[in-house]
Amino acid sequence: MTTFTTQIHELAKPLWLRSAHHPFIKQLTTGDLPLSTFRYYLLQDRYYLSEFGKLHDKIADQLTDKTAIQFLRDGAQGLKNGEIAVRKGFFTQLNITKEEVALTPIAPTAYNYVNHMYAALYQGSPQRAIAALLPCYWLYNEIGQALISQGSPVALYQQWIETYDSEGYTDSVNKMIQLTNRAAEQVDDSERQAMTTAFIRSSAYELGYWGMALRHENWDAL
């Protein structure tokens, strides 16, 4: 029997392929990506990851499944201790200060992506919000695994790639996939369709994120 996540992964495949072959990703591996662009990406991603972590806790608050709650609580803490900590290392190398972080406006795409996930929870359901979180886990893992053999001549970009091909990260992705499948089993067909929509929209925002970074997107350009 085909799992729910296999089905939605197939539906999102065109978007994910465009992400995998996006100029941002290609320039990351060739080393041609301007450091100013990577810097912009990190500043926006800092906001995104902070809210992404908070959403784990907020979804857990609405669940009763102890295993799911523990995974989400651990995920929220892991973001604080792991991925965000890695970003801080990048910040140090690029001389990004706390003051700059505080003064950096949130770009439209990052703002809308985060709001989409909050809407999936507060205007939808915890199951829908779980589906909305999944592309960030899964897509980055697929990209990391695809790029690890190519690598990047820029040490900073190589470190970014390795973050998403690690054994620990892959284990978290697999657990998130399992959580999403369990969530889909708990709801009716209508809600599973809403979960699918949330997953597809998050996948589209992931694609948009790369373009946001390349354009150094801001509100004046809208």
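Thr67 counts as exposed, with a relative accessibility of 54%, where exposed means over 50% relative accessible area, buried under 20% and partly exposed in between, for a 1.4 Å probe and protein chains only. This is a predicted model, in which local features need pLDDT of at least 70 and side-chain atom pairs count only at pLDDT 80 or more, while totals for chains, interfaces and linings use all residues. Residues are numbered from 1 along each chain as its sequence is written, and side-chain values use heavy atoms, with hydrogens and water left out.

- Thr67 is found in helix 4 (residues 66–93), helices being DSSP runs of H or I with at least four residues, numbered from the N terminus.
- The C-alpha atom of Thr67 is separated by 8.9 Å from that of Leu179, although the two residues are 112 residues apart along the chain.
- Asn181, which has its place in helix 9 (residues 167–185), is buried, with a relative accessible area of 15%.
- Leaving aside neighbours within four places in sequence, Asn181 is in contact with Thr3, Phe4 and Thr5, contact meaning heavy atoms within 4.5 Å.
- The side chain of Asn181 reaches the backbone nitrogen of Phe4 at 3.4 Å.

**Helix 3 and helix 6**

- The axes of helix 3 (residues 35–60) and helix 6 (residues 108–122) come within 10 Å and cross at roughly 5 degrees, the axes being lines fitted to C-alpha atoms over the stretch in contact, with angles from 0 to 180 degrees between N-to-C directions.
- Helix 3 and helix 6 are therefore roughly parallel to each other, a term for angles under 35 degrees, whereas over 145 counts as roughly antiparallel, 65 to 115 as roughly perpendicular and the rest as oblique.
- The residues that make this contact include Tyr47, Glu51 and Leu55 of helix 3 and Tyr111, Val114 and Met117 of helix 6.

**Aromatic pairs**

- The structure holds 26 aromatic pairs, that is, rings of Phe, Tyr and Trp (its six-membered ring) with centres within 6.5 Å, counted as stacked with planes under 30 degrees apart, edge-to-face over 60 and tilted for the rest.
- The rings of Tyr41 and Trp210 have centres 6.2 Å apart and planes at 20 degrees, so this pair is stacked; the pair links Tyr41 in helix 3 with Trp210 in helix 10 (residues 189–215), 169 residues apart.
- Tyr41 is buried, with a relative accessible area of 0%, and Trp210 counts as buried at 0% relative accessibility.
- The rings of Tyr164 and Tyr169 have centres 5.2 Å apart and planes at 80 degrees, so this pair is edge-to-face, and both residues are buried.

Technical notes. Helices (H or I, at least four residues) and strands (E, at least two) are DSSP runs, numbered from the N terminus. A polar contact is a pair of N or O atoms within 3.5 Å; within protein, one must be able to donate a hydrogen and the other to accept it, and residues adjacent in sequence count only if both atoms are side-chain atoms.
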